Amino acid sequence: MEDAVDHILQQWHRERPDLDVSPIGVIGRLSRAADAVEARLEDTYALHGLDGSSYDVLATLRRAGHPYELSPAELSRTAMISSSAVAQRVNKLVTRGWVKRGKSATDGRGTLVRLTAAGLARIEAALPAHLANEHTIVSALTKAEQATLISLLRKLTAT
């Protein structure tokens, strides 16, 4: 079964037969898969009044364990986002009342970001639906295929 990426590859083979365009087969499909998955995830986030970036911060704080707080640097590292992105996301979540900033008990100059009761309730409500959605997305693959894909993606993203 051919897909749109096959068509792109055929065009490049026709137009530039002198070039090895085979990486497009991987990168193009990874990109399209990521876009398709993201669209499906966003639908579930929206049902809970969230978007992907808000979900990411709330979920990162929740999985940190009680008292559900991290420094902005820890949040950046754990959520794999830049410090400026953390600041923007936290500002939005503070406005919504889902997180609050506070002083660190161990470092008077340090700031902590903590889930509020409303933020905890929001992520607790969204998490089961999000996971069910992810299960549905990956259900097109057998468990063995999922394990193979995990291994291959880990290999591609190793730093």
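Modeller: Happy to! Let me start with a cut-off: a residue is buried under 20% relative accessible area, exposed over 50% and partly exposed in between, using a 1.4 Å probe and protein chains only. Y68 has 15% relative accessibility, so this residue counts as buried. Please keep in mind that this is a predicted model, where local features need pLDDT of at least 70 and side-chain atom pairs pLDDT 80 or more, while totals for chains, interfaces and linings use all residues. Numbering runs from 1 along each chain as its sequence is written, and side-chain values use heavy atoms, without hydrogens or water.

Y68 sits in the loop between α3 and β1 (helices are DSSP runs of H or I with at least four residues, strands runs of E with at least two, numbered from the N terminus). Its phi is near 60°, a positive value in a residue other than glycine. P67 belongs to the loop between α3 and β1 (69–70) too, and a cis peptide bond with omega of about 15° joins P67 to H66.

As for confidence, pLDDT (the predictor's confidence in each residue, from 0 to 100) averages 94 over the chain, with 98% of the residues scoring at least 70.

Leaving aside residues up to four places away in sequence, Y55 touches Y45, L50, I123, A126, L127 and H130, a contact being heavy atoms within 4.5 Å.

α3 also gives two or more residues to the lining of the largest pocket, as do α2, α4, α6 and α7 (143–157). A pocket here is an open set of points on a 1 Å grid over the protein atoms alone, where a 1.4 Å probe fits, with protein on both sides within 12 Å along at least five of seven lines; lining residues have an atom within 4 Å of a point. There are 32 lining residues, and V37, L41, E134, V138 and L153 lie nearest the centre. The largest share of the lining, 10 residues, comes from α2.
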